[in-house]
Amino acid sequence: MNPALARQAGWGSQVLDNFIAPQPLALEGKQIAFAGRLSKEKGHDRLPGIAASLGQVIHVYGDGDREGLEANPLLKLQGAVSSMSPHWKNIGVLIMPSRHEGLPMAALEAISRGIPVVASDVGALDQVVANSNCGVLISQYRPETFAQAIQSVLDQRSLAQANQCRAHC
């Protein structure tokens with residue numbers, strides 16, 4: 001709970017942490033994916049640089065500002081989906097190059113399925129994504145840093161890591 005946020009919201013306010021029940025493990029996925037609103041705070045405009053540094057396709061689940069994304073052959077725009085549930089099985093790593101964040105449900109949903117998260121170290125992501133089997137936090141944005149972390153996470157994925165990651169949710 002963030003007491004400062006609760007005080008700012010007003011008298012009697014209380015912050016409740018996000019939570020999610022563990023889900024079936026999704027260990028066969030190979031996609032590198034972004035899931036979220038395509039907006040400046042979520043860092044969607046950073047995806048072309050990350051994809052170029054990585055040299056691999058990034059699947060983009062979400063809708064919003066598509067400017068600069070549609071013409072990029074390394075970005076596969078999936079659009080808005082009503083639920084990520086059927087898509088998690090395809091994802092090997094979730095990336096979140098956010099500028100600002102709270103504790104995004106996409107990160108919790110991924111981790112509950114054993115999918116590691118590579119994310120900017122913003123908001124409350126440090127509470128669930130430690131530089132461990134759950135993923136990697138990037139303290140200062142650089143496309144190459146994200147690309148290296150993504151590749152490292154993909155290289156190290158295993159059932160034991162996924163179970164250990166999920167145990168921290």
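R142 is partly exposed, because its relative accessibility is 43%. Its salt-bridge partner is E144, and the closest N and O atoms of R142 and E144 are 3.6 Å apart. E144 is partly exposed as well, with a relative accessible area of 39%. The model described here is a predicted one.

**Salt bridges**

The count of salt bridges in this model comes to six.

| E41 | R37 | 2.4 Å |

D45 has a relative accessible area of 37%, so D45 is partly exposed. R99 is partly exposed, with a value of 23%.

A network of salt bridges links D63, R66 and E70.

**Nonpolar cores**

In soluble globular proteins, nonpolar side chains tend to be buried together. In this model the largest nonpolar core has 24 residues. The members that touch the most other members are W88, I91, L94, M96, V117, L125 and V129. At least two residues of this core come from each of β1 (31-35), β4 (91-96), α3 (105-112) and β5 (117-120). The largest share is that of α3, which supplies five residues. Another core, of 20 residues, lies apart from it; I50, A51, V118 and I138 are among its members.

S120 has its place in strand β5. Is S120 buried or exposed? S120 counts as buried because its relative accessibility is 5%, and the cut-off for buried is under 20% relative accessible area. Which residues is S120 in contact with, leaving aside its neighbours within four places in sequence? They are R46, M96, P97, S98, L125, L137, I138 and F146. Of these contacts of S120, M96 and L125 are named above in the largest nonpolar core, and I138 is among the members of the core of 20 residues.

Key
Residues numbered from 1 in each chain as written. Predicted model: local features only at pLDDT ≥ 70, side-chain atom pairs only at ≥ 80, totals over all residues. Heavy atoms only, no water. Core = buried A, V, L, I, M, F, W, Y, C linked by side-chain atoms within 4.5 Å. Buried < 20%, exposed > 50% of the residue type's maximum accessible area, 1.4 Å probe, protein only. Helix = DSSP H or I, 4+ residues; strand = E, 2+ residues; numbered from the N terminus. Contact = heavy atoms within 4.5 Å. Salt bridge = Lys/Arg side-chain N within 4 Å of Asp/Glu carboxyl O.
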